[in-house]
Amino acid sequence: MRIDILTLFPEMCDRVLSESVIGRARAAGLVDLRCHNIRDYTKDKHNRVDDTPYGGGMGMVMQTQPIYDCYMSIWRDGEQPACPPETAAPSPAEDGEEAPPDTPKPHLIYLSPKGRVLTQQRVVELAACDRLVLLCGHYEGVDQRVLDEIVDEEISIGDYVLTGGELPALVLTDAVCRMLPGVLADTACFTDESHFAGLLEYPHYTRPAQWHGVEVPEVLLSGHHANIEKWRREASLRITLEKRPDLLEKAELDKKDKAFLDALRTRRGEEA
């Protein structure tokens, strides 16, 4: 997979993506991550990429031309098939510019607090793509015209506002890359985690077996794999019910799961 990040702070993104699991995967050639400086494409003699907003207001707005030219340069670089978007944006109009390449349009995601909140399911879908391009906004945002012309979808990492799209882009990149073959030691490293199967993950413990007077659950020390799996499943159900009961509406539950949850709810009602 190749992921291109369009940003005003490529060094910031590059440093993070060169560390830990993703850094090792990158060094091993399991994923191709490239950070592009939008300023390199400005035609302004002062190297500006923003201007004051029409209609007045605080802050500055990122201009269309540097973003568009940066994206078009990436589009022309390579012929990897694009990811089929959920809702395809119109093909870029020529409007006096050089015509778009004949190669498939790379799937462009704009990291925005107005976008749909990122979920594990969408991460799984994006991990099946061959190529992604991530656009990081800054200041007060990006001129809407370039968004309408080249963006395929907008994604948010939560209902809050950050100073730029770099941190969300890094979050999305990390979440997607760790799903790729060979990045983690085994698929169980992510299939057992929170949200992958619709539930929150069970608790983890390691040595020592007793710490501050609290012991590790005895079943985890028993070596009985069936009992351990049962305990972990029930722990996931219990934690999900306590912390994110909304997830249970879409989770895949069998009869045993439902019976266990019913017993928990009855117990909680009696205790209340």
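Where does Met72 lie? In this predicted model, Met72 sits in helix α3, with helices (H or I, at least four residues) and strands (E, at least two) taken as DSSP runs numbered from the N terminus. At 2% relative accessibility, Met72 counts as buried, where buried means under 20% relative accessible area, exposed over 50%, and partly exposed in between (1.4 Å probe, protein chains only).

A word on the ground rules. Residues are numbered from 1 along each chain as its sequence is written. The model being predicted, local features need pLDDT of at least 70 and side-chain atom pairs count only at pLDDT 80 or more, while totals for chains, interfaces and linings use all residues; side-chain values use heavy atoms, with hydrogens and water left out.

Taken as a whole, the protein has 9 helices and 9 strands, and 39% of its 272 residues count as buried. Contact here means heavy atoms within 4.5 Å; among contacts between residues at least 6 apart in sequence, 74% join residues at least 24 apart.

Now for the sheet. It is open and made of 5 strands in the order β2-β1-β6-β5-β7, with parallel pairing; two strands pair if DSSP finds at least two bridges between them. At the edges are β2 (32–37) and β7 (153–156), each pairing on one side only. Neighbouring strands are turned by 30° against each other on average, direction ignored. Strands β5 (residues 107–117) and β6 (residues 131–136) pair over 5 bridges in the parallel sense, and Ile109 has Leu134 as its bridge partner in β6.

Two helices lie across this sheet. Helix α3 (residues 64–76) lies across β1 (2–7), β2, β5 and β6 and runs at about 160° to β1. Helix α6 (residues 166–177) lies across β1, β2, β5, β6 and β7, at about 175° to β1. Axes are lines fitted to C-alpha atoms, for helices over the stretch in contact, and angles run from 0 to 180 degrees between N-to-C directions.

As for charges, the structure holds 16 salt bridges, each a side-chain nitrogen of Lys or Arg within 4 Å of a carboxyl oxygen of Asp or Glu. One network of salt bridges links Arg2, Asp4, Asp32, Arg34, Asp77 and Arg131. Elsewhere, Arg122 forms a salt bridge with Glu125, their closest N and O atoms 2.7 Å apart. Both lie in helix α4 (residues 120–127), 3 residues apart, or about one turn of the helix. Arg122 is buried at 6% relative accessible area, whereas Glu125 is partly exposed at 32%. In helix α9 (residues 255–271), Arg265 and Asp262 are about one helical turn apart because 3 residues separate them, and their side chains meet in a salt bridge (3.5 Å, N to O). Arg265 is partly exposed, with a relative accessible area of 41%, and so is Asp262, at 43% relative accessibility.

Finally, Leu220 is found in the loop between β9 (214–215) and α8 (225–243). It counts as partly exposed because its relative accessibility is 23%. Leaving aside neighbours within four places in sequence, Leu220 is in contact with Tyr205, Ile228, Trp231 and Arg232. Leu220 and Arg232 are 12 residues apart in sequence, and their C-alpha atoms are 9.2 Å apart in space.
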